[in-house]
Amino acid sequence: MRYKYKLNNLDCANCANKIEVKLNKDSRIEKATVNFSNLTLTVETSIEKDVKKTVSSIVKSVEPDVKVLELTEKEKNNKVIFDVIRLIIGIILSILGMFVFKNEISKIFIILGYFILLFRTISNSIKLLYKSKTINENFLVTISCIGAYFTNNVHEGLMVILLYEIGKILEEIAVNNSRKSIGKLMDIKPEYANLKNGNDVLKVNPEEVKIGDIIVIKQGEKIALDGIVIKGEAKLNTAALTGESKLRSVKENDNVLSGSINIKGLLEIKVTNTYDNSTVSRILDLVEKATDRKAKTESFVSTFSKIYTPTILILAIITSIVLIFIFKFNISDAIYRSLIFLVVSCPCAIAISVPLSYFSGIGKASKEGILIKGSDYLDALSKINTIIFDKTGTITTGEFSNYELEIIDKNYTKKQIIEFYVKGEKLSNHPIAKSIIKIFDIKTNNNYVKDFEEVSGKGIMYKLNNDDIKIGSSSFCGEKKKDNYIYLSLNNKIIARLQLLDGIKKDAKKTIEQLDKMKINTKMFTGDNKEIATIISKKIGINDVYYELLPDDKYNLLQENIKTGKTVAFVGDGINDAPSLALSNIGISMGGIGSASAIEASDVVIMTDELSKIVDGIKISKKTNKIIKQNLIFAISVKVIVLILSTIGIATMWQAVFADTGVTLLTILNTTRILKK
């Protein structure tokens, strides 16, 4: 069984990693994932009783202050307020000890100031050491501050804990603000539905509404469930689902999606999906799962953090020994410099900024109508070398919008030929028949049509007056040449052939041009013949085209491309191209808004079917990776510089605290740039 919980009072990414490791080591837990970015814990376990209690006990053995809550459970978090009050009291006592009182009274106030300021840090480090026999950055800071006091650097010790506490409070506020910003990007969950019950309208939970029920959407309200408009007209804002700011007009018989907002009008909708299967529910579920998947960089940071803190402690001890016995430092100075080493080396900046960056990137992409299934796929988007496009439904609209009609027997006029096609296809429900009716758009009388028969996969035949008419494939109509034309045969003689032309998406050419500028190689795979494939490819600017391919051919060709060692993306419609989507390094589905099959088949779902969103996704990925690199380089560089300066006696505890909490704050602020355009 899979369970999901909220984690309260967790403000340390490194601590989140330790909780995850501890849970996964427990034999009762099959798999556990801690998502620090949205403070959730996902657990897979076979135990059925007291799951929350079991999980909570394991979590508390690592982080005693962290509470495991149900997703619906609410708890006030006054931690920041309590820490601010404690900080103010600690500052007042410290000032009194340093500047007002003297001698023994001064020492008492300073010790009280130390105790109040260090209370949270000491408490956390002792509990962790006692319960799980592990140490973290709280332990490092505690040793540093107490060490500073006993090496006669009392004022600096106070400033370390003071700045550290201020930094931790600001850090918690900054992380929480980032979470809120990201949360707003996906704030699409409807809180209620207006259920029509006779002449009454009841406000109910969306989960209570069933398929076939009628719901009312008033102006300014979110559509709670997917459905069909049965009454009214409105203009909908679908930006939360698609990233498209243009309002969508809907009327009777139009399909509408949950999460859209009714800007103007009043609608009555017949529900077609329960809330669990609705578009908004599946999108939210996908985004939540996406933030649980870790990229290689994120996984490396998690693994690295397990051994980082104890390693730093050992290195600090070695530093003291080297300074005392080799460089002949006095004991007090050697310990002081080792304490600086401990403060500088706290891993908070790296542990927080990396997962927060990926979370921000996924949130930003979702806002733009691009659903990315995990940070590993977000990472892969920036590394794409080759993109292979399927044609139908991807580069083209998948709907026939034009035609070419070739009249072979000149005894018949164009009008007569069109009537022959329409009279027969009007009696068929085949998608191609419907396309023919739509393209020609003429009224015709079928009173004289007799003996209509539809031959599956081949075509149709009927009698008109005394003539035998066939419409369908070349072999069905008696043509030896195999092609994609729709032939018309009259009394076993071919008199015309028709080719339906698929419309090219309006942003296809521009997208290919942008990808070319980004030095990304583009190819097109299609089952269509050479003639059609060549026409389409020339219009949009793709030079590398493969035509007349079966699904197996596409799969094998894709496999050959992947073997070159390049990162290959395949873009398809999410149904027929499922094998290729699964095989590619990154499968991008043009599945259409709310397409369940597309969401299942691919790694990235373009919710609007717009090819330009692929370029947007790559740009978001590159920006996310750029900011992660900036944060890592900045954090590591500052720490190394301060360590070197402390070794030669220039840097003090002040610079050490900046290298820890100051750098952490700056990397968090830099990460928020991902959310901006």
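This passage walks through the overall make-up of the chain, a few of its helices and a handful of individual residues.

The model is a predicted one. Counting up its secondary structure gives 23 helices and 26 strands for the protein chain. Of the 677 residues in the chain, 53% are buried. Turning to contacts between residues at least 6 apart in sequence, 66% of them join residues at least 24 apart.

Next come the helices. Helix α22 covers residues 612-647. With its 36 residues, α22 spans 53 Å from first C-alpha to last, close to the 52 Å expected at 1.5 Å a residue. After α22 comes Gly 649, which has a positive phi near 90°. Two packed helices are described by the angle between their axes and the distance between the axes. For α22 and helix α23 (residues 653-671), the axes come within 10 Å and cross at roughly 170°, so α22 is roughly antiparallel to α23. On the α22 side, the contact is made by Ile 627, Gln 630, Asn 631, Phe 634, Ala 635, Val 638, Lys 639 and Val 642. Residues that α23 brings to the contact include Phe 658, Ala 659, Val 663 and Leu 666. Sorted by type, the residues of this contact come out as 10 nonpolar, six polar and two charged.

Thr 661 sits in α23 and has a relative accessible area of 5%, so it counts as buried. Leaving out residues up to four places away in sequence, Thr 661 touches Leu 163, Tyr 164, Gly 167 and Lys 168. Thr 661 and Tyr 164 are 497 residues apart in sequence, yet their C-alpha atoms are 6.3 Å apart in space. Gln 514, in helix α17 (residues 508-517), is partly exposed because its relative accessibility is 23%. Neighbours within four places in sequence aside, Gln 514 is in contact with Val 615 and Lys 619. Between Gln 514 and Val 615 there are 7.3 Å from C-alpha to C-alpha, with the two residues 101 apart along the chain.

Helix α14 (residues 414-425) is made of 12 residues and reaches 17 Å between its first and last C-alpha, close to the 16 Å expected at 1.5 Å a residue. Buried residues in α14 include Ile 417, Ile 418, Phe 420, Tyr 421 and Val 422, and Lys 423 and Glu 425 are also among them.

Ser 489 belongs to strand β20 (residues 486-490) and, at 1% relative accessibility, counts as buried. Apart from neighbours within four places in sequence, Ser 489 has contacts with Asp 468, Ile 469, Lys 470, Cys 477 and Ile 494. Asn 491 is found in the loop between β20 and β21 (493-504). Its relative accessibility of 38% makes Asn 491 partly exposed.

Backbone angles pick out two residues here. Most residues other than glycine have a negative phi. Asn 491 is not a glycine, but has a positive phi of about 50°. Asp 451 also has a positive phi, near 55°. Asp 451 lies in strand β17 (residues 449-455) and is exposed, with 57% relative accessibility.

Technical notes
Residues numbered from 1 in each chain as written. Predicted model: local features only at pLDDT ≥ 70, side-chain atom pairs only at ≥ 80, totals over all residues. Heavy atoms only, no water. Helix = DSSP H or I, 4+ residues; strand = E, 2+ residues; numbered from the N terminus. Expected span 1.5 Å × (residues − 1). Buried < 20%, exposed > 50% of the residue type's maximum accessible area, 1.4 Å probe, protein only. Contact = heavy atoms within 4.5 Å. Axes fitted to C-alpha atoms, helices over the stretch in contact; angles between N-to-C directions. Parallel < 35°, antiparallel > 145°, perpendicular 65-115°, else oblique. Nonpolar A, V, L, I, M, F, W, Y, C, P; charged D, E, K, R; others polar.
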